Amino acid sequence: MTVAQPERLDLASLSLTEDRIAKLREDFPEVFREGRLDFDALKRALGEWVDPGKERFGLNWPGKAEYTKVIQQPSIGTLRPMREESVDFDTTQNLIIEGDNLEVLKLLQKSYYGKVKMIYIDPPYNTGNDFIYPDNFTEGLQDYLRYSGQVDSAGLRMSTNTESEGRYHSKWLNMMYPRLFLARNLLRDDGVIFISIDDHEVHNLRSLMNEIFGEENFVATVIWQKVFAPKNSAQYFSEDHDYVVAYTRHRESWKPGLLPRSGEADARYQNADNDPRGPWASDNLTARNYYSQGLYEVVGPTGKKFSPGVGLYWRYSEKSFLELVQDNRIWWGADGSNMPRLKRFLSEVKQGAVPQTIWRYQDVGHTQEAKKELLDNVPFQETENVLNSVKPTRLIRRILQLATSPSSQDVVLDFFAGSGVTAHAVLAQNGEDGGNRRFICVQLPERLPIPEASLRTIADIARHRLVGAGKLIAAEYAGKLDLDQRTEPLDLGFRAYQLTTSNFTPWDGDPARFGAPVRQPGLFPTTVAEQLELAVDNVLPGRTSEDILAELLLKSGFELTAPVERLTLAGKDLFSVAEGALLVCLERELTLDVIEAMVSRDPAQIICLDAGFNGNDQLKVNAVQTIRTRSGSGDTKIEFKVV
C-alpha cells in the first residue's frame, strides 16, 4: 500500500530546457515521437526544411555549444539577505544583489519570468584589458564561491583577453551569450533592452541580439556623444561616442514614450497673426516626392502667383489647399506676399518629442559628469579605486523616459550594475516625476585595487552610492512630496542580497558520491551516515529563518519583495506571503493542529520543513489527508510541499 507523502520543493532554479519543451509540446504536439522531440518534424511543422549538409547564415564561434549547455544547467544556490547593508529593508521594493549575474539570472527565472519592463546593461567593452569576470564561471556556483571568498581566500585570477590570444571575440561572446539569453526570459511582452557598447563589439552584439531576440525586434542603434571636447592626443580619430543598442521582446507590443518638450522647442511657436487657436510655427508646404495632384498654381492675398518649384510638389491637393486657406491655416508672410507655409499649432502637436538616434552630451550627460556624480556619492579614500567607465544618470534617465511609465511599478533590471548608476537614475527619475519604478541590480563583488575601510569591492561602491544618492534626492525633493500628492512615499531604499549556497543540504541518493571530494563544502554529504542525518535536519548551520524564507520565495515563484506577515497559529510561528497565498512554517515540531489552522486559511501553497515532522510518518499522512479533504471541498487546490 502506497502511503501519501507531501511533495518535495524543487530547490533548483527554473529548468529552461524543460520549460521550453513543455511549451513546444503544448503548441506542437505532433512533433513528439514516443515522448521525444523529433527535430525534423518540428522543421516541417514550421514550414521549412534545412538540409544538415548545407551551410546556413548565422553567428558562430568557439565555445558556443558549451555555453548553450551552461544556460540549461539550473542553479542550486540562493540569495541571502544582507539586512545590515540595506536601507528600509522591510518596506522597499528595490533590490541590490551581490553575485555572479549568470547564477543570479537563473535564480530570478521563477519569480521574475516575464515581469521586467526594461533592461539596461553596460557590459565590459572588450578593449583588450582584464574582464570583470573570472576565467571559468562555467561551473557556476562553485567557482563563484571561490572567487568571492566564501569557500577559501585564494579567489580566481581575472581573465585577460588580448587580441593576440586568438579568441578575442569568442571569449566576449561566450560571456555575453548565456546572460542575454536568460535576460530575455525576464522581459515582459512589451519590454525592451538597451545595451551600451563601443566599436569593438557593436557588430557582434547586433548579430548576437538578432539570434537571441530576433532581427525583427531590433529598434535602433543610438549614438551617444560621451565627451564634450575632442582628444587631441588620439592616434587616429578622437573617439567621441559610444552606442546604445535597443531590442524589444515583441516589437509590435512596444512603443517608445515621448520625451519632454524643451523650452527651446516651444519657443519656436509664436502667434504673429494673433490666431485665437494660440501659438503656431510655419512649415514647408512642398516636397520632392512625386504627387500627381501636387502640381498647380496658387494665388496669394496680394495677387502674387506661386508654384511649388522645379522638381517639387505641393504636399496637398488643390482642393485640400483651398480648405486650409479658408481655415486660416496658411501663412503668406506679414505682408501677404511670401511663399505660402502651413501653420502648425502648438496645441495640436504631440505633447512630447519623438526620440532621435543621436544623443548629445548637453542633453544626456558625458563621462566627466558621470565621474563627478560618483565622487559626490561615494567617500573614496584611494584615487585608484575610483571607477573610470561609468555612465551619467541623465543617460539612463533618458532611457527610463522612453521605456517606462511613472505610475506602473515598472521593474528595471541591470545585471552589470557597476557603481549602481541605473539604480541611482531610477531613484532620481522617480523623485522628479513621482514615479514608482523598481530596480533589480546585480554586481559581481570584484575586488578594488586598494581595500578601504568601508569599500572592498565594486558591489560595496554600488551600495554606498545608493545610500548617498538617496539622501541627496530626499533633500532635493523634500518640499515637493506634498505638492505631488503622492499616494505612497518615495522609495529611496534597497534590499541587499548575496549569492551563496542553498540553505538546505539536498538528499543525494548516488552512492558514487559518498567519499568523493566535497566540491561545495556543506552542500553534499560524503557518507551514508551524513545522508541519514538529513532525515533529521537538512538546514545548514548558521542559516536564519529570514535566509530560508528568501530561498523559498525564489524557489516557489514569489518576488523577493512580496509582502510578508508573521503569524502565530496553534502556538506556532509562520510566515504569510502575498496576503496568504503562501504559508511557510519553519517550526521544528509540527502538530496536526497547526496544519489544520494553515489549511483553514485556504492558501495556494503550504511549505514546511521536513525536519518539523521529526520522522513521524503518520503525522505526514494526516497532514496530506487534511489538505486533500480541504482541496476537494473548496475552490482552491492547496499545494503542500516540504523542504
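A residue counts as buried when its relative accessible area is under 20%, as exposed when it is over 50%, and as partly exposed in between. Keep this in mind for the exercises below, which use a predicted model.

**Exercise 1.** Find where Ala570 sits, and decide how exposed Ala570 is.

*Solution.* 
- Step 1: look between strands β21 (564–569) and β22 (572–577); Ala570 lies in the loop there.
- Step 2: the relative accessibility of Ala570 is 45%, so Ala570 is partly exposed.
- Step 3: now check the backbone. Ala570 has a phi near 50°, which is positive although the residue is not glycine. For comparison, most residues other than glycine have a negative phi.

**Exercise 2.** Work out how helices α12 and α15 are oriented to each other, and describe their contact.

*Solution.* 
- Step 1: find α12 at residues 367–377 and α15 at residues 458–476; their axes come within 8 Å and cross at roughly 85°.
- Step 2: angles of 65 to 115 degrees count as roughly perpendicular, and α12 and α15 are therefore roughly perpendicular to each other.
- Step 3: α12 contributes Glu373, Leu374, Asp376 and Asn377 to the contact, while α15 contributes Ile461, His464, Arg465, Gly468, Ala469 and Leu472.
- Step 4: sorted by class, the contact of α12 with α15 has 4 nonpolar, 3 polar and 3 charged residues.

Note on methods:
Residues numbered from 1 in each chain as written. Predicted model: local features only at pLDDT ≥ 70, side-chain atom pairs only at ≥ 80, totals over all residues. Heavy atoms only, no water. Axes fitted to C-alpha atoms, helices over the stretch in contact; angles between N-to-C directions. Helix = DSSP H or I, 4+ residues; strand = E, 2+ residues; numbered from the N terminus. Parallel < 35°, antiparallel > 145°, perpendicular 65-115°, else oblique. Contact = heavy atoms within 4.5 Å. Nonpolar A, V, L, I, M, F, W, Y, C, P; charged D, E, K, R; others polar. Buried < 20%, exposed > 50% of the residue type's maximum accessible area, 1.4 Å probe, protein only.
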